[in-house]
Structure formats: C-alpha cells, structure tokens
Amino acid sequence: MIDFKAKIYFTDLDGTFIDNPKAKNEKDKVSKENIQAARALNDAGIPFILATGRSNSEFVLWLTNEIHAPYAICQNGGIVVDKNNNILKREEIKKDTVIKVVNILKDEQMCFIFNSNKDIYGPSAKMKIIRNWIKKLNRHTYEDLPQFADSTKILTFGKVSKKGIVNVRDILQKEFSNLAFHIVSKGYSIEINDINATKGIAEEFVCKIMNIDPKYAIHFGDSGNDTTTIPFIGAFVAMKNSTKNVKKQAKLVVGNFKKSGVAKALSQLHK
C-alpha cells in the first residue's frame, strides 16, 4: 500500500496512459477520462507529468499541453522538455559508443531505430513484422545507415524468441557499463540509453526544479524502464497488464490500462 498523499504524478504512455491504442486518430488514443483526470490535477497544482520512451514528438507535446502539464520526460529520460519543447536536460549515447553498439546489433542480425524516428535499419528491407506499429515506418538495410551521431535512444528488436532478446541484452551489458538496457514490448525489444538517461533520474530532476520532494512522487507504468523510478521516488505503481517481473517490483498494482485505467487508479489514490 501507499502511505502518503502524492504531491506529483508521473505516467508512462504506451500500455499505461494511452488506453485506446488502436484508435485511427492519434489524438483519440487517450480517453477523455484520462485526459480530464490529469488536467484536473495539473489545474489544482498537483503536477501530472508524462514520462515516456517516445521522443518529444508533435503528439507528445500536444498531449502535454492538453493535460496542462508544465514538462515532459521523453526517450526514457534522455530528454526533458517544457511544454514549449525547450530542452531542459539531455543525456546522449556518444557517437563512438553508438558505432560500437550498432556493430554488435549487426552481428546479431538485429533491427534498430535511432531516437524514436520513423526509419528502421535491418539486415533486409523485407524484415518480418512482429509489431503492428512497425508497418508505419520506413524500412532500410544496413547499407542505408546514415552518418553516425550522438543518440538519446536506440530501440532494437529482431529475435523470434524472448530468450534471444535476453541473450542480446546480456552481450551488450557485458560490453557497455556506461549504458542502460531495458527489455520492453512484452520481451521482444530492447531500449538502449545512456546510463544517466532513466525515468527515475529524470523524475528526480523534474521534482527538483518544481521544488517537490520526490518521496511524495508516484509513477504509473507497465514496463522495465518504469522500474528505474523505484530508487528515486515514493512509489512505483504497476498496471495490471504489466509483466510479472514488473508487478513484483511495484508498491501497488492497479487495474488494466484500457478504458481509462489511470483515471480510475487516480480516483482511488487521490481522494
């Protein structure tokens, strides 16, 4: 149980706050109930902040302003922006490290995406589609790789089994002590960030600039990258749709994310 009243809330998006992911219109992917609940807290002086693996995209910024939030945490903490998209904090994987990571991913025949953009690179442009969202992206071969640069996040996938993904994660962990690795997408993808780019560190940063003690912060989430908040804030709350390992680490497990799950949880937690 949670034995304090939150002074600030943070939420993951996919599998958490985005409760209608199959909606054709992107702005309909979050229910009115979730938006209204978050906006009501922000308007009452209780910050409700997005903390997502997504980039500071047009949609994320629209949603940030729609709920009247002052800030947004993106790329798992790789970037923190205000509501006008001014960058307040950035933690990047340096170019030389990006090159070394990519070489390992190529050896493992993995597909990967830089900075949550719309281009996927893989051993073949006719890569097997595992997740529906991949269909909307541009597919390229390794030969099409652009000039390397610093990166806030690399998302990689391509193994047919969860064990294969774990093996790739283990190879990367042995090689790079300066990076953070989180298995996501129900075990079929890995998010790679700089070691200082975590949701937990970013949430502590936001609490500091808002003069709020992070021990009074609550984070809603469903994935491995959400558990990085545990050492930094008061409570991590897992959605029912989280994996077993994630739920085991949560201070509280609430209902499924669908049908305004976050709004329903807030109605119980913030009375």
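Phe4 counts as buried, at 17% relative accessibility. Buried here means under 20% relative accessible area, exposed means over 50%, and partly exposed is in between (1.4 Å probe, protein chains only). This is a predicted model, in which local features need pLDDT of at least 70, side-chain atom pairs count only at pLDDT 80 or more, and totals for chains, interfaces and linings use all residues. Residues are numbered from 1 along each chain as its sequence is written, and side-chain values use heavy atoms, with hydrogens and water left out.

A pair of aromatic rings is described by the distance of the centres and the angle of the planes. Rings of Phe, Tyr and Trp (its six-membered ring) pair if their centres lie within 6.5 Å; planes under 30 degrees apart are stacked, over 60 edge-to-face, and the rest tilted. The count by this rule is 10 aromatic pairs. One of them joins Phe4 and Tyr216: the ring centres are 6.1 Å apart and the planes stand at 75 degrees, so the pair is edge-to-face. This pair links distant parts of the chain, 212 residues apart. Phe4 sits in the segment before strand 1 (8-11). Tyr216 sits in the loop between helix 5 (199-209) and strand 12 (217-221). Helices (H or I, at least four residues) and strands (E, at least two) are DSSP runs, numbered from the N terminus.

Tyr216 is partly exposed, with a relative accessible area of 25%. Lys7 lies over the face of the Tyr216 ring, 4.4 Å from its centre. Such a charge counts when NZ of Lys or CZ of Arg is within 6 Å of the ring centre and within 35 degrees of the ring normal. Elsewhere, ring pairs link Phe112, Phe114, Tyr121, Tyr142 and Phe148 into a cluster.

Next comes helix 1. It covers residues 32-43, 12 residues in all. From first C-alpha to last, helix 1 reaches 16 Å, close to the expected 16 Å at 1.5 Å a residue. The expected span is 1.5 Å times one less than the number of residues. Which residues of helix 1 are buried? They are Asn34, Ile35, Ala38, Leu41 and Asn42. Seen down the helix axis, these fall within an arc of 130 degrees, so they line one face of helix 1. The arc is taken from the directions from the helix axis to the C-beta atoms. Lys32 and Asp43 are exposed on the other side of helix 1. The cover over the buried residues includes strand 1, strand 2 (48-51), helix 2 (58-66) and helix 7 (261-269). Gly45 follows helix 1, with a positive phi near 90 degrees.

Ser185 has a phi of about 55 degrees. Ser185 lies in the loop between strand 10 (179-184) and strand 11 (189-194), and is buried at 19% relative accessibility. Asn211 has a positive phi near 60 degrees. Asn211 lies in the loop between helix 5 and strand 12. Asn211 is exposed, with a relative accessible area of 72%.

Last, the cysteines. How many disulfides are there? The count is zero, where a disulfide is a pair of cysteine sulfur atoms within 2.5 Å. The sulfur of Cys74 is 16 Å from the closest cysteine sulfur, that of Cys207, too far for a bond. Cys74 is buried at 0% relative accessibility. Cys207 is also buried, at 0%.

Definitions and conventions: Contact means heavy atoms within 4.5 Å.
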